[in-house]
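Let's work through some exercises together, one step at a time. Keep the sequence and the 3D view open while you read.

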Amino acid sequence: MKSYIVGVGMTRFEKPETRDWQYWDMVKEAGGAALADAGVSYADVQQAPVGYCFQASTAGQRAAYELGLTGIPVYNVNNNCATGSTALMMARQFVEGGISDCVLALGFEKMQRGALGGGADGGDFKTSPVARHYGIMAARHGFEMSPPTAQIFGDAAREHMEKYGTTEAQLAAVGAKNHRHSVNNPYAQFQDAYTVEEILAAKTIHMPLTKLQCSPTSDGAAAAVVVSERFVEERGLGDKAVEIAAQSMTTDTEESFASGSCIDVVGQPMSREAARQVYETSGLGIEDVDVVELHDCFSVNELLTYEALGMCAEGESGKLVESGATTYGGTWVVNPSGGLISKGHPLGATGIAQAAELTWQLRGESGPRQVPNARVALAHNIGLGGAAVVTMLRRG
């Protein structure tokens, strides 16, 4: 059974504590926009997976109740930075499994200012779900006083530079591209363009990553209405419908830890396998894709993901971004939204916001950031700890 996205919505992503709102206000805004986009009401929704990381249990209900009190099942989803795409995957599975005809995937986050912590519960690193990941990092690179997430990805960047000759300028080129793209995105937290030189000159967070190569903490929400083919036909929603052609989630395997490399620990093997499964299921390859939204939590992760998705050979990603192949006029447009680096990264919303951007792109509704003649799109969302979700979308 096929599944389709027929409505999407999101709030603008905001710097924490700059807007007077609560997480349920965000969900009301994003969810209401998605329902309106689809031309359906909350009464049509049969289930609602809701993703978030930093609120208490059943916050999904508290948020969804702002849209209606219909008694439907509400599922609280937490999968670190891959939370939003996990909620979207649940919605797709409910539809493709024949359980429901109309499911609303929601994601939100209300965060605190400052760098994201390392994931240790109550400061006890021994109980952290990512203790093994950081242990691999510390064994090879030691442990510095920089923010833990920036540190583990920064160490992955150091390894890539040492192994393949990737340069700091190539890493900065990712940030420059994504900041430039965000200028045309009214939903983006930042809408300023920077040169490679300005990005290199910004404050260093963890060598070689500067502040303008790191995704910020953000507040915001996103939503997607996922429906069956029957629902599309009965409601006459063909002009809105974007097919979820394939989707896969992978988690860490022995490969993630065996090498002792931060490149593997932060998820490149997971991403590679999720992409392989999606290509096999959809019958589409990366050469068929026009536009990509991928998880650039740090500039290095965009480079690692190019390789995982098969956009270039291993070690060639720095040259790929430098060539212009991943921006307008190139082979693909990657992160036309500005990506996590410039659009923002409210963890629970990110994966669904990627789907929203790609839905607009495939419908031709993206205004000045529109990718010409976009028909096939790919989303990549990853969470340290770990989960990688790759989604292939297409428009008939």
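Before we start, one term: two residues are in contact when heavy atoms of theirs lie within 4.5 Å. Please also keep in mind that this is a predicted model.

**Exercise 1. Find Glu14, decide whether Glu14 is buried or exposed, and list what Glu14 touches.**

Solution. 
- Step 1: Look in the loop between strand S1 and helix H1 (23-38), where Glu14 lies.
- Step 2: Recall the cut-off: a residue is buried under 20% relative accessible area.
- Step 3: Glu14 has a relative accessible area of 17%, so Glu14 is buried.
- Step 4: Leave out residues up to four places away in sequence, and Glu14 touches Arg19, Trp21, Gln189, Thr217, Ser218 and Asp219.

**Exercise 2. Describe the sheet: in what order do its strands come, and which are the edge strands?**

Solution. 
- Step 1: Trace the order S3-S2-S4-S7-S1-S8-S12-S11-S9-S10; these 10 strands form an open sheet with mixed pairing.
- Step 2: Look for strands that pair on one side only: these edge strands are S3 (74-77) and S10 (333-334).

**Exercise 3. Work out how strand S1 (residues 3-10) is paired, and why S1 counts as largely enclosed.**

Solution. 
- Step 1: Start with strand S7 (residues 220-228), which runs antiparallel to S1 and is joined to S1 by 7 bridges.
- Step 2: Turn to strand S8 (residues 242-250), which pairs with S1 in the antiparallel sense over 2 bridges. Here the bridge partner of Ile5 is Val242.
- Step 3: Count the buried residues: 8 of the 8 residues of S1 are buried, so S1 is largely enclosed by the rest of the structure.

**Exercise 4. Follow S8 to its partner S12 and say how many bridges link them.**

Solution. 
- Step 1: S8 and S12 pair over 7 bridges, in the antiparallel sense.
- Step 2: In S8, 8 of the 9 residues are buried, so S8 is largely enclosed by the rest of the structure.

**Exercise 5. Classify the packing of helices H11 (residues 268-282) and H12 (residues 299-308).**

Solution. 
- Step 1: Take the geometry: the helices pack at an angle of about 40°, and their axes are 9 Å apart.
- Step 2: Angles under 35 degrees would count as roughly parallel, and 65 to 115 as roughly perpendicular.
- Step 3: H11 and H12 are therefore oblique to each other. H11 passes H12 in a right-handed crossing.
- Step 4: Find the meeting residues: Gln268, Ser271, Arg272 and Ala275 in H11 meet Leu304, Glu307 and Ala308 in H12.

How values were computed: Residues numbered from 1 in each chain as written. Predicted model: local features only at pLDDT ≥ 70, side-chain atom pairs only at ≥ 80, totals over all residues. Heavy atoms only, no water. Buried < 20%, exposed > 50% of the residue type's maximum accessible area, 1.4 Å probe, protein only. Helix = DSSP H or I, 4+ residues; strand = E, 2+ residues; numbered from the N terminus. Pairing = 2+ DSSP bridges. Axes fitted to C-alpha atoms, helices over the stretch in contact; angles between N-to-C directions. Parallel < 35°, antiparallel > 145°, perpendicular 65-115°, else oblique. Left-handed = near helix turned anticlockwise from the far one by under 90°.
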